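Here's a quick tour of one part of this structure for anyone meeting it for the first time. Have a look at it, then read on.

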Amino acid sequence: MSRARLALIGLYALGDACALAAPLTLLGPPAARLSLAAAFIVVVLSLSGTAASRVSVVAANVDRVPRIGILVGLFTLIAFLMAAFSGRTLSAIGIGVAAALVLWWRGMALGGEEFQPDGVRMRLWLGLVLVAVIGMAAAEPILIFLFVAATLLALHIAHLVSVAKNRDVDPRAFAHPRWARAILAIEAGVLILLLLEMLVFNTEVVARIAQIAVVALIFPFAVLVALIGSLILLIISPELIAELMRRIAEFMQARLRAFGSGNGAADLTQQASDPISPVVSVALVIGLIIAAIIVVVLIAGAARVAAKRRLARPPGDMPEAAPELDAETDALRSVGGRVGARLSKLFAAATIRLIYARLTAEAARRGARRAPAQTALEYLPGLARVFPGADADARRVTDAYIAAHYGEVPDTLDKLRAIQAAWARLRRIEPPVVPDAAPALRLLRQTQGSTQGSAQAPEPPGSSTT
Amino acid sequence: MQSVTLLADRLRANIRTVIVGKDDVIDLALIALLCDGHLLLEDVPGVGKTTLAKTIARSLNGVFKRLQGAPDLLPSDVTGVSYFNQKIQEFEFRPGPVFANVLLADEINRATPRAQAALLEAMQERQTTVDGVTHPLPKPFLVIATQNPIELEGTFPLPEAQIDRFFARLAIGYPSEHEERELLARYERADPLLTLQPVAEAAELIAAQQAIRTIRVERSVVDYLLKLCRSTRGAPGAQLGVSPRGSLALYRAAQARSALQGRDFALPDDVKRMAPSVLTHRIVLDAQSRLRNRSAEDILREALERTPAPVDAI
């Protein structure tokens with residue numbers, strides 16, 4: 001068995017432990033429940049032990065019957081240990097055996113897995129959601145970061161193995177300094193994020209946010225589980241499922257009670273005793289946002305510097321295995337690029353809509369107010385009237401607005417710049433000169449005054465304005 | 001969306017070889033066609049209702065049948081009949097003219113209500129039931145009906161339930177002097193309808209109908225459309241407002257108009273432009289409005305003026 005495969009199994013087991021350890025703490029009666037750390041160690045040992053055993057017996061070319069005997073024996077051992085941890089009631093032993101079966105089955109699967117880079121990448125994305133939910137429910141954000149760190153490392157190793165297999169090169173990471181640097185940088189980035197998170201988010205805030213997340217995310221899920229459980233109960237009605245349902249209900253009630261009492265941090269983390277003041281919470285959230293902005297700016301700056309350096313480098317200076325080694329970075333960059341492009345398009349659309357709203361406000365100020373039932377296209381002649389000689393610009397802004405509001409977001413930022421320029425030109429246009437009616441009205445009044453003696457002519461509405 | 005535009009351009013060009021002018025009417029008819037909706041052509045005699053219907057029908061390479069409305073028209077003349085075949089000693093179904101891709105129901109208001117009702121199931125459910133057996137109709141299935149609103153003697157006005165099943169009601173109107181001159185010149189030697197060739201296959205039309213449904217209608221445009229339709233219900237002078245089927249028809253019509261204009265998203269202008277053709281025949285006036293000579297168009301115009309358009313403002 002190669003060391004790379006063993007490392008991958010270990011990392012996978014570590015990642016799975018992040019997802020499975022928290023639910024495992026619910027196992028057994030309250031007195032016998034596992035702590036999170038113990039559950040974590042149990043999962044890592046069970047998964048990696050089972051996987052490594054499977055790989056070893058297959059590699060050792062053991063006959064089929066003894067092989068099955070060894071692996072089933074392993075399951076029996078895990079089940080025995082889990083049942084022992086679970087307490088003495090029949091239902092608790094049953095739950096312990098079921099948990100052992102899950103761990104054993106997953107370990108067997110890991111022992112047979114090929115760990116292709118694509119599969120590992122998929123696990124990273126999908127697993128993040130699961131681990132984030134479980135991590136927040138257990139108020140243990142470290143689970144999320146541990147999962148990310150382990151899976152990223154697994155991704156790099158899987159990629160390295162894949163490249164080594166395809167290109168017949170040295171599979172040791174440190175034989176490729178550039179790659180090793182990338183791995184170290186990413187892992188260091190994860191650790192820095194973890195530290196930042198610890199600084200900005202203290203445990204109490206994490207617990208409070210976790211509570212909200214529990215209510216928002218887990219509650220519907222728990223209802224769904226309860227419904228499915230009820231259906232299963234209707235069909236087979238075993239004691240075990242009733243027990244499981246009861247435990248889930250207890251778990252949810254405890255968290256909801258904690259949330260309702262406003263002292264959830266204490267219940268969840270068993271560390272804090274006083275509720276956090278709202279002012280401190282707001283300050284922490286603002287601090288977090290500022291920290292996030294700083295991190296984004298730093299990352300963007302670093303990416304720009306790296307891009308400039310890459311462009312400045314002569315073409316022959318690239319390492320030999322660059323295409324494969326860069327594939328992963330390119331994939332990550334393309335995801336980032338897509339998100340960035342989408343955000344910039346949304347920004348462009350919002351700006352165009354704002355420009356149009358300002359344009360209509362300016363037109364209203366100049367005397368062409370849009371009737372509520374008028375559409376943007378119907379309003380176009382009104383715009384042309386108050387922005388004389390700028391029909392094309394008014395049309396351009398209106399067309400862009402229509403596309404941004406009712407259609408897809410604009411294709412490029414160049415379009416936004418063109419619209420901004422058109423709006424700037426429109427703003428500079430002087431309002432059309434409306435003939436001043438005051439002198440004519442004064443003359444009319446004088447004429448009426450002379451014919452009607454001293455009788456005062458009524459003031460025409462709006463006579464004082466143009 | 002380009003395929004829809006190209007198909008519409010081909011059909012439009014073909015129809016224009018027969019119909020002089022009336023581009024708006026042709027476009028509205030094409031929109032109904034692309035929305036898989038039925039058309040009611042209502043106008044005075046001699047303006048080209050039947051010619052337009054026949055031109056559309058012949059432009060499509062499908063089965064075309066004609067049904068002439070008359071007081072002696074029976075439901076079985078529409079749907080078909082089961083008769084006892086003595087040779088094979090079994091009942092056999094002989095399909096009526098409704099089993100066609102395009103059915104021209106000429107002078108539909110001259111048929112009796114029983115015969116009109118035979119079309120109800122066919123128009124909405126695209127199937128017909130004879131002797132308890134349901135027969136699906138071919139796809140696409142389009143009914144183009146014509147009626148004369150002036151000459152009412154010996155006619156049977158279409159019931160609301162049936163009128164509502166028509167996607168749009170169009171009036172062709174008299175041509176301008178220039179158009180009438182062009183008409184005389186074009187028909188001087190021969191009737192261009194006789195030499196008209198089909199330019200679209202039924203499958204192409206079905207594909208275009210599917211494509212139309214992918215046109216984006218932004219939430220604010222949907223809200224605008226709903227407000228407009230709902231404001232006709234209970235509007236002063238209206239006994240019945242626009243039905244939900246009408247809202248759906250207007251939604252599709254706005255999508256189809258967008259496609260014809262080469263856009264892949266609908267505008268409030270599309271809703272506004274299509275509303276008169278798609279909605280007015282669904283509004284039923286109360287007795288007072290009829291006495292005051294108000295029309296469904298007036299009620300819709302007021303609704304359009306009342307409904308604020310979804311445009312951003314500061």
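## Two helices side by side

In chain B of this predicted model, B:Val221, B:Tyr224, B:Leu225, B:Leu228 and B:Thr232 of α9(B) meet B:Pro268, B:Val271, B:Ala275 and B:Leu279 of α11(B). Here, a contact means that two C-beta atoms, placed from the backbone, lie within 7 Å. Sorted by type, the residues of this contact come out as 8 nonpolar, 1 polar and no charged. Nonpolar covers Ala, Val, Leu, Ile, Met, Phe, Trp, Tyr, Cys and Pro; charged covers Asp, Glu, Lys and Arg; the others, Gly among them, are polar.

Helix α9 spans residues 219–232 of chain B and helix α11 residues 268–279, and their axes come within 10 Å, crossing at roughly 30°. Axes are lines fitted to C-alpha atoms, for helices over the stretch in contact, with angles from 0 to 180 degrees between N-to-C directions. The crossing is right-handed, as the near helix is turned clockwise from the far one by less than a right angle.

## The sheet

Chain B also has an open, parallel sheet of 5 strands, in the order β3-β6-β9-β1-β10. At the edges sit β3 (64–68) and β10 (166–170), each pairing on one side only. Neighbouring strands are turned by 15° against each other on average, direction ignored. Helix α2 (residues 23–34) packs on this sheet, touching β1, β9 and β10 of chain B, and its direction makes about 175° with that of β10(B).

Strands (E, at least two residues) and helices (H or I, at least four) are DSSP runs numbered from the N terminus, and strands pair if DSSP finds at least two bridges between them.

## A closer look at β9

Is β9(B) mostly covered or uncovered? Covered: 6 of its 6 residues are buried, with B:Leu142, B:Ile144 and B:Thr146 on one side and B:Val143, B:Ala145 and B:Gln147 on the other. Buried means 20 or more other C-beta atoms within 10 Å of a residue's own, exposed 12 or fewer, and partly exposed in between, with C-beta atoms placed from the backbone.

## About the model

Residues are numbered from 1 along each chain as its sequence is written, while chains are lettered from A and ligands numbered from 1 in the order in which they are written. As the model is predicted, local features need pLDDT of at least 70 and side-chain atom pairs count only at pLDDT 80 or more, whereas totals for chains, interfaces and linings use all residues.
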